[in-house]
Amino acid sequence: MVYNFDEKINREGTESVKYDLRNNVFGKADVIPMWVADMDFRTPDFIREAVIERAKYDVYGYTFREDAYFEAIAAWIRRRHQWDVRKEWMTYTPGVVAAFNMAVLGLTKEGDEVIIQPPVYPPFFHAVESHGRKLVTNPLIDTDDGFIMDYELLEKQAKTAKMLILSNPHNPVGRCWTRDELKRLGDICMRNNVLVFSDEIHCDLVLPGHKHVPFASVCEEFAQHSLTAHAASKTFNLAGMATSTIIVPNEELRKTYVNFVESTEIHLGNIFGKIATKTAMEKGEEWLQQLLVYIQGNIDYVVDYINKELPKIRVHRAEATYMLWLDFSAYNLDNKELNHKMIFEAGLGLNNGKEFGKQGEKCLRINLACPRSVVAEAMKRIKEVF
Ligand SMILES: Cc1ncc(COP(=O)(O)O)c(C=O)c1O
């Protein structure tokens with residue numbers, strides 16, 4: 001079956017954050033929304049059909065996740081990422097953001113240091129700072145070959161830190177960390193007893209030619225001192241289902257984490273997220289393969305366009321995710337001017353780079369999970385204004 005990602009789907013008036021909150025976020029209701037990380041593509045039919053089938057049944061009472069649910073996720077991870085996970089290591093949380101907040105709250109103490117690597121997904125900052133933990137930033141280094149980690153600084157920071165939250169692959173810079181990079185990072189963390197929370201929500205959006213390496217699959221020591229977050233939400237456009245899986249191979253650590261999650265009573269979850277996730281894991285391969293080719297096409301389109309028409313914008317070709325990190329430093333605009341120009345002159349709603357850390361003051365993140373015609377229109381507008 002050939003899926004059509006060129007189709008434009010009207011999402012307005014569906015209480016969509018991306019569309020229906022444009023006025024609140026950008027002060028302009030008609031920007032082309034290329035910000036919050038969900039896709040403008042149809043959630044695959046085989047998932048919609050499974051959800052609709054369940055919705056037809058008369059009762060929507062409490063539910064639980066049966067063995068077959070976790071086995072479907074484990075089988076997907078074993079098949080796609082060659083990590084021999086067991087369903088017994090897995091637990092549910094209502095979203096990955098909730099999961100790393102629970103990890104910070106349940107596995108560190110007030111005042112403990114937690115390391116993150118900006119520019120990075122904004123909720124990483126909040127998860128540390130809003131719970132009275134101390135934020136330690138280990139900024140990525142922008143090289144001509146792409147972003148890399150600062151191991152020297154990490155070596156110093158790890159001496160006193162308790163946890164590191166890793167974005168693997170990295171949002172927003174689109175790096176798919178290699179085994180060697182993860183090994184170097186992990187070795188520093190292990191030597192210093194720093195627990196790693198590996199947020200792998202984008203792991204199934206690794207683009208052709210790259211390979212996702214689950215942090216915990218690098219070696220047994222990493223597996224025993226880490227938690228890994230997986231979800232079908234980004235990959236299959238299910239973010240509104242608030243369903244994710246946390247994998248903790250270490251029994252003692254898992255018990256502590258699960259006890260904490262259960263103490264907050266957020267672990268019951270919803271029926272539809274469960275059905276959608278299980279169906280995605282069982283039937284999603286072919287659709288995903290075509291999606292990745294389409295996203296790669298969008299990324300190539302934008303990177304090639306920028307290199308040719310807008311060479312003052314610095315961009316690296318993403319290895320994973322459907323986002324690109326655009327650096328406008330060469331324009332000498334401050335953060336406010338840059339955003340104002342993009343919103344009110346180009347009519348585009350991109351993420352303000354500042355929210356990903358102060359390194360992003362002169363950057364914007366663009367979401368390319370939309371039809372190619374929309375991408376082309378956006379690039380035309382950026383060219384006209386910049
Ligand atoms: C790195 C990362 N983690 C987590 C999330 C969101 O997770 P959830 O919707 O499951 O809370 C996102 C969404 O963009 C993300 O980029």
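**Before you start**

This is a predicted model, in which local features need pLDDT of at least 70, side-chain atom pairs count only at pLDDT 80 or more, and totals for chains, interfaces and linings use all residues. Residues are numbered from 1 along each chain as its sequence is written.

**Stop 1**

At their contact you will find 28 residues from domain 1 and 28 residues from domain 2. Here, two residues are in contact if their C-beta atoms, placed from the backbone, lie within 7 Å.

Which helix gives the most to the side of domain 1 that touches domain 2? Select helix 12, which supplies five residues. Helices (H or I, at least four residues) and strands (E, at least two) are DSSP runs, numbered from the N terminus. Helix 12 (285-309), strand 11 (323-327) and strand 13 (363-367) each bring at least two residues to that side of domain 1. By class, the side of domain 1 that touches domain 2 has 16 nonpolar, eight polar and four charged residues. In this scheme Ala, Val, Leu, Ile, Met, Phe, Trp, Tyr, Cys and Pro count as nonpolar, Asp, Glu, Lys and Arg as charged, and the others, Gly among them, as polar.

**Stop 2: the largest nonpolar core**

Now select Phe100, Ile165, Leu324 and Leu368, which touch the most other members of the largest nonpolar core, a set of 114 residues. Helix 5 (residues 96-107) gives the most to this core, with eight residues. Both domain 1 and domain 2 contribute at least three residues each to this core. A nonpolar core is a set of buried Ala, Val, Leu, Ile, Met, Phe, Trp, Tyr and Cys residues joined through C-beta atoms within 7 Å. A residue is buried if 20 or more other C-beta atoms lie within 10 Å of its own, exposed if 12 or fewer, and partly exposed in between, with C-beta atoms placed from the backbone.

Zoom in on leucine 324. Not counting residues up to four places away in sequence, leucine 324 touches Gly174, Ile299, Val302, Val315, Ala318, Ile366 and Leu368.

**Stop 3: around the ligand**

Next, show the ligand. Which of the 13 residues around it come nearest? They are Ala37, Gly95, Val96, Val97 and Asn171. A residue counts as near if its C-beta atom, placed from the backbone, lies within 6 Å of the molecule. The shell around the ligand is made of seven nonpolar, five polar and one charged residues.

**Stop 4**

Most residues other than glycine have a negative phi, and most peptide bonds are trans. Select asparagine 171 and proline 172: the peptide bond between them is cis, with omega near 20 degrees. Proline 172 sits in the loop between strand 7 (161-167) and helix 8 (179-191). Then go to proline 118 and proline 119, which are joined by a cis bond with omega near 0 degrees. Proline 119 lies in the loop between strand 3 (113-116) and helix 6 (123-129).

For a positive phi, select glutamate 15, at about 55 degrees although it is not a glycine. Is glutamate 15 buried or exposed? With 9 C-beta neighbours inside 10 Å, glutamate 15 is exposed.

**Stop 4: asparagine 367**

Select asparagine 367 in strand 13. Asparagine 367 is buried, as 23 other C-beta atoms lie within 10 Å. Leaving aside neighbours within four places in sequence, asparagine 367 is in contact with Met34, Trp35, Ala37, Tyr322 and Met323.

Key: Domains from an automatic or database assignment.
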